[in-house]
Amino acid sequence: MIKVHGLKKTFELSKKQMKANNTDQKYKVAVNGIDFIVYDNEIFGLLGPNGAGKTTTLRCLSTLISPTEGTINVNGYDSVKDPLAVRSQLAFLTSELKLDSHFTPDYTTRFFGRLHNMNDELIEKRMNHLFDYFGVTPFRYTKISDLSTGMKQKLSIAVSLIHDPSLIIFDEPTNGLDIITARAVTDYLKELKAQGKTIIISTHMMHVAEKLCDRIGIIMDGNIKTMGTLEEILQTTGKDNLEDAFFKLYFENEVK
Amino acid sequence: MINSLILIARKELRRVFTDKRLVITSFILPMISIAIIYSIMGIMIGRAEEDIKSHISRVGVNNLPIMIQTMLQTDETIEITQVNIDIDQAEGLLLNGDLEYYISFEEGFEDKILNFQKGDVPLVKGMYSPKHDYSVQANYKLNALMEGYKHIVLASRLGDESYIQVYKMESGEIEIPQESKGIDRGFASMIPLLVSIFIFAGAMGIGIDSIAGEKERGTMASMLITPIDRANIIGGKILSLSVVALISMISSFIGVLISIPFSARIFSSTGSFELSQLAMSGMDLTMFFISMIGLVGMYVTIIAVLSMIANSVKEAGAYITPAYMLVMISGFMNMFGSGDAAGIFDYIPVYNNLINMNRILSGDGSIIKALISLGTSIAVTLAMLLLARKLMEKEKVVFPS
């Protein structure tokens, strides 16, 4: 379970960034004091337009960056006070995290397994399972630079899950994937949920969120505008699909 | 903690040593290019020296006395090509390189020498072109010849040349014990410079890629979400970089050793050198290694810190270049520097390591001074490590996007 309370993240802008953003404000509030809880055995979707604060939220949850204010608690561990304990329990996948293209999937996965203090036997077992599931096995000893984009993405997922984490945070997990690979990923996320894992994903794809997520949070300008099950969101917004609900909230936010 | 540090270091070393391109560009190419460049330089310099020495100097004369003419004719490396030309003509020929020396004797020079009157000293004008090496060499030859002529004249005028000889000077070398002889002076001052540059250059390329490159490519961020201390990530990188720097330095140095049969005249003060001269006692070798390790620690951590601050490989290159220049300057200062009576240089990091290497190679190594330099090196390395650790905790540094 992950508990987020009053999460706020402020970035200090450089002069170059201030100019690019056409602002004279030295600080930018990316996430403005949000609260949410994601339970075990649940997939939580974070939706929002570009620059809404999704990625910043996920980076804070993964301990890649620290919150300016607020707390994040993962299975009883505070993300700031006990980041190593939190990291040992989570998988974080985002397009910004890359694997060294010089190595093979086999070496890379073993390396990350060892960083997670796993023994060789356990690494082998988990690696075989994940490689078989995602179809990486035939390319096990191929250099990552020679893999297709889809295969690289599947390998990244396998590497992120090598230590069998209890919290899985995937930022746009199906981005750039063909329909077959995307289905493999979403199916695996469902399987992980069935195993009792806590899963948070961010996505632009409304149909993915509709099909996959137990609860959805829509974030705009660093604030969560609405949160609940798909039915609850549709009821609150008076719309009959998530995309329309999203746009209703978006335009309301723009007017404000 | 140690396990994850070694794990990172092993991964970094694997990254380097399984990449053929990196192995070739970081270890093999420098060795081969250094061997070839220094050999070619040595051969070319040797040929140029031989050519100048064996060149027949073309000399123009005016009013040449018979005796000097005889002396000139007996020297096989001098040929009189222009006779009785005036100074203006000679200047033009010297400037074009058609003549290498011009010597003009006063009218009645020989009579004035033979019938010497007090205060009546005949004039000899010599002229050469400093622009042309052959002309400079001809100047030496003609000056030596005229000096010989002077001695002959004085001997005949005074009956005995020793009348004008105030004293006899005999200079000798003291016997230096084998153990404190050290190696050739030229080498002793050159080796610290080469070692220093090779260590820095070896660590620079791979250090930039391993830290700034990984940041830029996003591969470092993948490690930041694993349960290992961020200090271990940079520590492992620094450890592997130290190994790479040492291997790179050794390979470059092998290049220098390969070139020695041809390049000895560049490095050696005597123009000749044998590998056996590099033999050092166990103590000297230990002190030399201490100084070298001190440089490795400082250079690698400085490169690591500068690479961390940078957001891209390009930026890191821009930050590290001034440091590389300082390394080269300190090497040249040590090579051409004079004494340090106050002993202040012994406390200046980097420079004191170079001085110590120089001393050790000259047979004047001091264990106390080696330990002082080790102490300052450790202090700088630790300071840089602490800074690197601090930087690893900064979001803007490790995850700037």
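Which residues of α2(B) are buried? In this predicted model, the buried residues of that helix are S26(B), F27(B), P30(B), M31(B), I34(B), A35(B) and Y38(B), and they pack against two other helices of chain B, namely α7 (185–217) and α9 (230–267). Helix α2 of chain B covers residues 20–54, which is 35 residues in total. At 1.5 Å a residue, the helix should span 51 Å, and this agrees with the 48 Å that separate its end C-alpha atoms.

Chain A, in turn, contains 10 helices and 10 strands. Its radius of gyration is 19 Å, which is close to the 18 Å given by the globule rule for 256 residues, so chain A is as compact as a globular protein of that length. Taken along the principal axes, the C-alpha atoms of chain A fill a box of roughly 55 × 45 × 35 Å, and 42% of the 256 residues in the chain are buried. Where contacts in chain A join residues at least 6 apart in sequence, 70% of them link residues at least 24 apart.

How values were computed
Residues numbered from 1 in each chain as written. Chains lettered and ligands numbered in written order. Predicted model: local features only at pLDDT ≥ 70, side-chain atom pairs only at ≥ 80, totals over all residues. Helix = DSSP H or I, 4+ residues; strand = E, 2+ residues; numbered from the N terminus. Expected span 1.5 Å × (residues − 1). Buried ≥ 20, exposed ≤ 12 C-beta atoms within 10 Å, placed from the backbone. Contact = placed C-beta atoms within 7 Å. Rg over C-alpha atoms; globule rule 2.2 N^0.38 Å.
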